[in-house]
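Welcome, and thanks for taking a look at this fold with us.

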Amino acid sequence: MQQQAANFVDHLHNESYEDRYLSQSITHHSMVYDSGREKISLNGLWNFGIDQYDTCVRARWFEEKYVDDEGRTNPMDFSFDEWEQIKVPSSWNTQKEKFFYYEGSAVYTRTFPYTFQDDERVFLKFGAVNYDAKIFLNKQYVGFHKGGSTPFYIEVTNDLKDSNRILVVANNTRKPSHVPNENTDWFNYGGVYRDVELIRLPQTFIKDFVISFVPGTQFSKIQVELLIDGSVLAGTAHLTIQELGISFPIEVVDGKGCAVIDANPELWSPDNPKLYDVAIAFSGDAISEKIGFREIRVDGTDILLNGSPIYLKGISAHEESVLNGKAVSDEEIMENFKLAKEMNCNYMRLAHYPHTEKAAKLADEMGIMLWEEIPVYWAIQFHNEATYRDAENQLTELIKRDRNRASVIIWSVGNENADTEARLTFMSSLAMKAKELDPTRLVSAACLLDHDNHIINDRLADYLDIIGANQYYGWYQTDFNNLIKLFENSRPSKPVVITEFGADAKAGYRGSVDEKGTEDCQLDIYQKQIDVLGQIPYVKGTSPWILYDFRCPRRLHPTIQNYYNTKGLLSEDKSYKKPAFYAMQEFYKNK
Ligand code: GCU
């Protein structure tokens, strides 16, 4: 260790200043089952500063020392309460023009009062921060989370006071070791873009709760698993499903409880999205949930929902709106599902990262099946152990967040990754992890095809229940006949879902079918795709790319794209439907 110079000033000369923070990681282990629980919102206007040089962490502004250790008065570099304000939740990019393209660290802070109740425990929850976040409460560092689309929780029972200051350093810098890395096909929004809440719990509480059909029991038995946190780790929990006449005691031993219960619920499906009020109580804690009961499995090349073969009539969607960026509103989520229903869809691919938990809850109510995905996208560092831990943690946080959502039928471990040894090890491990965490759902990935030999041939398929396949015949692959050849050459033993096909088209731009960028060209490609896909017996679904145009820094054609990926079936503000929307609507209507 190099001798520290006499004139060493930590916040100016210590370039390993971050190390002390990165080790205190917040992971899925700290998650608290919060669905149906009362929460105190910390949403609203926070003071905000763009912190390009990460000075808040370097100079430890969060300690609010206005005189440093050497007795020097700090220049007025920070004065939190005089800073400008930003709305939380939001993507900072959409809040002010000067923030639009900003990538880096930014500081959010606010004060809030807190009144303690007797004998309670309090958790701080962030719905998501892109990409990573350091959290400080009352001048104390309380944790670091990375992964830009999943929730994280910090127990703050002993950190809260009557009057509190919270400070968050969010950083959306794209990095090669991140998941996704620095190269994607979507806009990199930043910030605290989902809800920030406090959750009050009793000393002993239900930390996790999973309920589903017992696979293979002809929809006659449900299984419940409980995990308890606190001092009372033994006793009897009570599960109540009034509409089914179920009131069932579940023995809890060493903080764990599980039970199999006879039940014959109405089955959840897109045509009948039946949800039941489920209550679970233990040692003074109680949670209530709306649960749909259904079974999804594959049999040969069939996908079976509740024992019957289905076709996934889908569409892909990013989590974005022109107005709110990635911080989509409830109305915008509802609008997407309504548009999918109008297209006669029964299914959506929520690409390429976990969307807000509100999406799966709404899909439960509206009867739309979902593909949910972690952003193992393109060329991440498959050889990097830390990258794998990040990916596996994001997958686990997603599954623990949504595994009681009937609408979620598929967990996807990634998108369009070249078939190398390192990638196969990395993604097969993720696929097995998903299966281990949740044996009741299907695991997939959007794989690349072998266009040289015209065949579906990705070694990852051996680890998947459904082979997702992205293909752009008619657009990137010009010779459409090779799509027919590819399907003829392929002999998959499991269902294939065409997870992407499509073409760019500027909304309203008409012309020759041979002119790329016209709606006529897009429609022609859709029609040819539909004519082929509809004939392939082992193709059991598709989710064309994409519901509506979206911001994309890689798409610079000045008229057709203008920094948007225009493969949408609607314009970016969803006010205009392109002709190809109606082609899909007709195809699904007759499917
Ligand atoms: C890829 C990728 C998408 C991308 C699309 C495109 O398949 O999965 O994220 O936007 O193709 O090229 O438009």
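Buried here means under 20% relative accessible area, exposed means over 50%, and partly exposed lies in between (1.4 Å probe, protein chains only). This is a predicted model, in which local features need pLDDT of at least 70 and side-chain atom pairs count only at pLDDT 80 or more, while totals for chains, interfaces and linings use all residues. Residues are numbered from 1 along each chain as its sequence is written, and side-chain values use heavy atoms, with hydrogens and water left out.

**Overall build**

- The protein has 10 helices and 32 strands; helices (H or I, at least four residues) and strands (E, at least two) are DSSP runs, numbered from the N terminus.
- Its radius of gyration is 25 Å, close to the 25 Å that the globule rule gives for 591 residues, so the protein is as compact as a globular protein of that length. The radius is taken over C-alpha atoms, and the rule is 2.2 Å times the number of residues to the power 0.38.
- Along the principal axes, the C-alpha atoms fill a box of roughly 75 × 60 × 45 Å.
- Of the 591 residues, 60% are buried.
- Among contacts (heavy atoms within 4.5 Å) between residues at least 6 apart in sequence, 73% join residues at least 24 apart.

- Six strands make an antiparallel open sheet in the order β3-β2-β4-β10-β7-β8. At its edges stand β3 (85-88) and β8 (140-146), each with a single partner strand, so one side of each is left without a neighbour in the sheet.
- Three strands form another open sheet, antiparallel and ordered β20-β21-β22. Its edge strands are β20 (296-299) and β22 (308-310), each pairing on one side only.
- Four antiparallel bridges link β20 with β21 (residues 302-305), and valine 298 stands opposite isoleucine 303 in β21.

**Nonpolar cores**

- A nonpolar core is a set of buried Ala, Val, Leu, Ile, Met, Phe, Trp, Tyr and Cys residues joined through side-chain atoms within 4.5 Å. In the largest one, with 75 residues, Phe337, Met348, Val376 and Phe487 touch the most other members.
- Helix α7 (residues 421-437) gives this core its largest share, seven residues.
- Apart from this core lies another, of 31 residues, including Tyr102 and Ile154.
- Not counting residues up to four places away in sequence, phenylalanine 487 touches Ile456, Ile498, Val532, Leu533, Ile536, Tyr538 and Val539.

**Helices worth a look**

- Helix α5 (residues 357-366) has seven of its 10 residues buried, so it is largely enclosed by the rest of the structure. The buried ones are Glu357, Ala359, Ala360, Leu362, Ala363, Asp364 and Met366.
- Just after α5, glycine 367 takes a positive phi of about 75 degrees.
- Asparagine 482 belongs to helix α8 (residues 481-489) and counts as buried at 14% relative accessibility.
- Leaving aside neighbours within four places in sequence, asparagine 482 is in contact with His454 and Tyr473.

Terms used. Pairing = 2+ DSSP bridges.
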